[in-house]
Structures are given as C-alpha cells and as structure tokens.
Amino acid sequence: MIFKLRYQEKGKIVKVLWIVNKVFPYPARRLGMKENVFGGWLEGLANKLKDISGVILAIATVYNGNKIAFFEDNNIKYYLIPGFPAIKYNKKLEQYWKYVKTQFNPDIVHIHGSEYSHGLAFVNIFTEIKTVVSIQGLISKCEEVYYANMDFSDILKNITFRDFIKCDNLINQKHKFKIRGKNEIELLKKVKFVIGRTNWDYANVKAINPDVKYYKGNETLRNSFYNKKWDINKIERNSIFCSQAGYPIKGFHFLIQVIYLLKKVKPDIRLYVAGQNLFDASIKSKIKRSGYTNYVLKLIKKYNVEEQIIFLGLLTENQMVDRLLKTNVFVLPSVIENSSNSLCEAMLLGMPCVASNSGGTMDLLENRKEGFLYPYTEPALCAEYILNFLNDDNMAVKMGKGARNRALIRHNSEKNVKEILDIYKDILNF
C-alpha cells in the first residue's frame, strides 16, 4: 500500500488513536464485562489496521469504572476512561484525555460516531491534533423523528414502572437524543475532517459545517458475512427477519401492521426478530418492560399476530448469519437510517431485501433491481413488496444476487482499509 511504503521509507511510525462508543471484546473480558455484540465492523477494521507495518493503533472509550484502565493485546492498545454514559458534557473527561494523550501521543485521531461528549471533550482540548470524525448515524436528525408517528397520548398511556424509576420514558429518551444531538452539532462545527458514506450524511454534515473536508469511506463488515451465501433451497418459506425492535425509530410498530396484512394471504407467515424477547412474562421482565415495549405488545395483541412473531434474543455473529440464511426475506422498517449495517449484511449474503426509503438507504440499494424501497409510513406497500419475493423465487434470487454484487464491492475489506489509510495520509499532509 502507498501509505505503508511511504512511512517505511522515511522510517516513521504513525500513531492512530481511535475514539469509539463501545468497549472492545478483549478489555471487556479482562474487566469481566459482558461483550457488546454491536459494532462488529469496527473490530474487523481494527484487526486489519493493526497489522499494517508502520501503524500503531490505540482504541479509547468510556466505561463505567472509576479509574483509567489500560490493556494491550495483539498489537492494539486499549484505554478505558471513566464517564459512561457520556451524554452530558463532563469536564473530568478533559483530564482523562490529557492522560491518554501524554501516554500515547497520537499523530491522528479518528472519532467513530459524532454524538457522545467524550469525543467532543477530546476535540475541545486538543485543537492542534489532526482529528477526523466518522459519521455513523446523525443523532440530531434522529431526535427530530424519535416518536416515529406515535400519538403523544400513546406515549403517555404506556409509561411503565421501569420508565418512572429510571426516568427513561420516550419523552426522556427523546430529550437525551436532543442533548447528544447538541454534542454532535458542536463537534461537527469544530472539526475539519469528516468521513461519511451516503449523500444523506454528506448533505447534513455540510449543512452544519460548510467548510468541513468530507471523505467517502465505506465500512468493512463482520467476517462471517463474506463467507456464506443465501440459498433459496435452504430457507424456511414465508419467513421474515428484522434486526431490531427496541425503540421507535427502528419502526417495528409499523412492521406489526405489515405482518397483519401478510397473515391474511400467508397464514403461516413468521417474523423473526433479533433482540430482547418482548413476550417474556416473568416478573423480572415485566418490571424491566419499557413504555415502547408496552405499546408494541398492545399492537401485537390488537392485530392478533402473537403466533406470527418470534423474538430470538441477542444474537452472536454466527447466530445472525445462520438465521438470515434460513430466512425468506430481510426487512428494514426504520424511520431513519444512514447506512444500516443490518441491511448491508443481508445484502452481502445475497438475500432479497425490502427496506424503508429513509436517510441514506437509497444509496445502499437500487430500488427494483437489488431489492425494494418503500416509504416507512406505507405498511401495505411493504407487505406487497414482501409478497413479491415470497411468491416469485426467480425475482428473489435475481435481486438477491444483485444486492450481493453491490455489497461485495462496497464492503471489500482490502479496498476499504486502503481507503482509510489514504484518508489518514491526506489529513496528515493537509
């Protein structure tokens, strides 16, 4: 790679500090924490980057401990600083970052995600360090549509004991998104460099900071999704998969209406959902039940689709692959997305996909060629598109193949690592 050779020739080492929003598996294990199944693409990119000659990688995040923790494993240094969850700005974060800077002294800093205050705290005190922010979603835009067309009366009627005790009903959650959105806007106004992936995030970043230098950088997905391929002869017929049902902007309440419509023509329709089992009737689960869960359960009962929905719990990488390979159609009903990794992983497997046309999704999948796009407020249209795939194997295979071909190019790991290295090189030379 040009980047690697350039620094080898000069005998220089480039020290890259990542600031992320999750605790990586190795430090999580060392601290006895439960491993975070989300953000696997970050782990994939880190494992590629750490083996580049001339690059030293450190990864920092906040955690719920009371002192700075440091670990080193397999060519990666890990710094964990107190401050989780870093929603409201905390001046103590600045002191922790000064310690990390003194210990590692990075040449370039890459902040993955724009909405938490620990990234903003770093930028506030180290204006001289070359820093780039990767856009994951845009929380300031998510906040605007957080209720996802829910009636305010439904929000109030479904507040639970858990919501009251934790001060975490949907109104509180939207307010937290608003705080994080302010962090995000302040951060994007202060940085000079941003990495994004879609026309949607480009337009919104430029609206916040017209002077920012924007780079296109695609993500490398989890390894297992590259090695398997969806086969229509090995699926459970009339089955659908959705990756999240936890909060309103993921649009699960719209998908319940879709299942109701599909049940009329496909009585054996099944919807598999990754994440918490909302049907768990244990006392512990009922006590922990959120207002949105309450609302969803009432809708499921209203539309009489209890038998059609199966909650799978949190899935590991391999479990997710296995479930998708068995499923007829992948559905993304989100009210807003930038570039859904769940959709990208389904495309990479070659699945037929139906997705709401929100945010940057139109840049991921070409409508009627690689899958179907629909307005998220149109459950009847979503149901019709799903039926097209359920009833026409040739269409499902053809569009799934188109989706896979698109995804293989977009998520080519070698190309994407080189792309990141070239971005780092350009910023360092800026």
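Is the crossing of α5 and α9 left-handed or right-handed? The crossing is left-handed. The legends below all describe a predicted model.

**Figure 1. Helices α5 and α9 pack against each other.** Helix α5 covers residues 117-125, and helix α9 covers residues 170-190. Their axes lie 9 Å apart and meet at an angle of about 30 degrees. Angles under 35 degrees count as roughly parallel, so α5 is roughly parallel to α9. From α5, the contact uses S117, G119, L120, V123 and N124. From α9, the partners are N183, E186, L187 and K190. By class, three residues of this contact are nonpolar, four are polar and two are charged.

**Figure 2. Helices α3 and α19 pack at an angle of about 70 degrees.** Helix α3 spans residues 40-49, and helix α19 spans residues 413-428. Their axes are 10 Å apart. Angles from 65 to 115 degrees count as roughly perpendicular, so α3 is roughly perpendicular to α19. On the α3 side, look for L45, K48 and L49. They meet S413, E414, V417, I420, L421 and Y424 of α19. The contact of α3 with α19 has six nonpolar residues, one polar and two charged.

**Figure 3. Y146 and Y147 form an aromatic pair.** A pair of aromatic rings is described by two values: the distance of the centres and the angle of the planes. The model has 22 aromatic pairs. For Y146 and Y147, the centres are 6.5 Å apart and the planes stand at 70 degrees. Plane angles over 60 degrees count as edge-to-face, so this pair of Y146 and Y147 is edge-to-face. Buried means under 20% relative accessible area. Y146 is buried, at 2%. Y147 is buried too, at 18%. Ring pairs also join Y146 and Y147 with F152, F177 and Y247 into a cluster.

**Figure 4. F372 and F389 form a tilted aromatic pair.** The ring centres of F372 and F389 are 5.1 Å apart, with 50 degrees between the planes. This pair links distant parts of the chain, 17 residues apart. F372 sits in strand β14 (residues 372-374). F389 sits in helix α17 (residues 379-391).

**Figure 5. Helix α16 is mostly covered.** This helix runs over residues 341-349. Eight of its nine residues are buried. The buried residues are N341, L343, C344, E345, A346, M347, L348 and L349.

**Figure 6. L299 is a buried residue of helix α14.** Helix α14 covers residues 291-302. L299 has a relative accessible area of 10%. This value is under 20%, so L299 counts as buried. Which residues does L299 touch, not counting those up to four places away in sequence? L299 touches H253 and I256. L261 gives another reference point, 38 residues from L299 along the chain. The C-alpha atoms of L299 and L261 are separated by 13 Å.

Note on methods:
Residues are numbered from 1 along each chain as its sequence is written. This is a predicted model: local features need pLDDT of at least 70, side-chain atom pairs count only at pLDDT 80 or more; totals for chains, interfaces and linings use all residues. Side-chain values use heavy atoms; hydrogens and water are left out. Axes are lines fitted to C-alpha atoms, for helices over the stretch in contact, and angles run from 0 to 180 degrees between N-to-C directions. Helices (H or I, at least four residues) and strands (E, at least two) are DSSP runs, numbered from the N terminus. Angles under 35 degrees count as roughly parallel, over 145 as roughly antiparallel, 65 to 115 as roughly perpendicular and the rest as oblique. A crossing is left-handed if the near helix is turned anticlockwise from the far one by less than a right angle, and right-handed if clockwise. Contact means heavy atoms within 4.5 Å. Ala, Val, Leu, Ile, Met, Phe, Trp, Tyr, Cys and Pro count as nonpolar, Asp, Glu, Lys and Arg as charged, and the others, Gly among them, as polar. Rings of Phe, Tyr and Trp (its six-membered ring) pair if their centres lie within 6.5 Å; planes under 30 degrees apart count as stacked, over 60 as edge-to-face and the rest as tilted. Buried means under 20% relative accessible area, exposed over 50%, partly exposed in between (1.4 Å probe, protein chains only).
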